[in-house]
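Student: I would like to learn how to read a structure like this one, strand by strand. Could you take me through it slowly?

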Amino acid sequence: MSLDRPVPQDPYRKLPEVPTFALTSPDIADGQRLDKGFIHFSAGLHGGNQSPELAWSGFPDQTKSFVVSCFDPDAPTPSGFWHWTLVDLPPETTHLPRDSGAGESGLPAGAFHIRNDNGTSDYAGAAPPPGDFPHRYFFVVHAVDVSNLGVDRAASAAAVAFNLAFHTLARAIIVPEYSY
């Protein structure tokens, strides 16, 4: 089977424009190849399956919470692939250490992970099909105007993204790549 297809557009260009703020990481950078520590450990990839360290600043003063996500629009599906969604981070949280996506221990009170497209509630590292073009991984922090986004642990990442369309004050993005 051939995976030849056009490269999807930036998914965040489909959404209403919002202000941006600073998102930094010692682990990932725009257009740079993901290190083995951030790729999946199955399907022959043998990666570390760790979420990268992230830090953010310059978000709006009226921010009540944050949502952090990682989305691959290049997956060979009509809906892309959600690798990570972390909801209801309190506004004083401006840093996530490496491997914060491993589970909920160590997360601030009230914050929780949503099920990813692997079906687990954690970070699922990059795992594009062998031989496919480089996939982009959109690591995004959303500054949100409510302290509780109104979803629970059973929500899908798409449902979180839908709710974010109505509550995002600003958005920060880093987009590394991976292929093998």
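Student: Which residues of S3 point one way, and which the other way?

Tutor: Ser65, Val67, Ser69 and Phe71 point one way from S3, while Phe66, Val68, Cys70 and Asp72 point the other way, and all of them are buried, where buried means under 20% relative accessible area, exposed means over 50%, and partly exposed lies in between (1.4 Å probe, protein chains only). S3 is thus mostly covered, with 8 of its 8 residues buried. Please keep in mind that this is a predicted model, in which local features need pLDDT of at least 70 and side-chain atom pairs count only at pLDDT 80 or more, whereas totals for chains, interfaces and linings use all residues. Residues are numbered from 1 along each chain as its sequence is written, and side-chain values use heavy atoms, with hydrogens and water left out.

Student: How should I read the pairing of strands, and how many bridges join S3 to S8?

Tutor: In general, strands of a sheet pair through backbone hydrogen bonds, either parallel or antiparallel. Here two strands pair if DSSP finds at least two bridges between them, and the strands themselves (E, at least two residues), like helices (H or I, at least four), are DSSP runs numbered from the N terminus. Strand S3 (residues 65-72) pairs with strand S8 (residues 138-144) in the antiparallel sense over 7 bridges; Ser65 has Val144 as its bridge partner in S8, and Val68 has Val141. S3 is also joined to S4 by 6 bridges, again antiparallel, and there Asp72 stands opposite Phe81.

Student: What is the order of the strands in the open sheet?

Tutor: The open sheet has 5 strands in the order S6-S4-S3-S8-S9, with antiparallel pairing. Strand S6 (112-113) and strand S9 (168-174) stand at the edges, each with a single partner strand, so one side of each is left without a neighbour in the sheet.

Student: Which strands does helix H1 lie across?

Tutor: Helix H1 (residues 157-167) lies across S3, S4, S8 and S9, and it runs at about 55 degrees to S4; for such an angle, axes are lines fitted to C-alpha atoms, for helices over the stretch in contact (heavy atoms within 4.5 Å), and angles run from 0 to 180 degrees between N-to-C directions.

Student: What share of the residues in the protein chain is buried?

Tutor: Buried residues make up 48% of the 180 residues in the protein chain. The C-alpha atoms fill a box of roughly 50 × 35 × 30 Å, taken along the principal axes.
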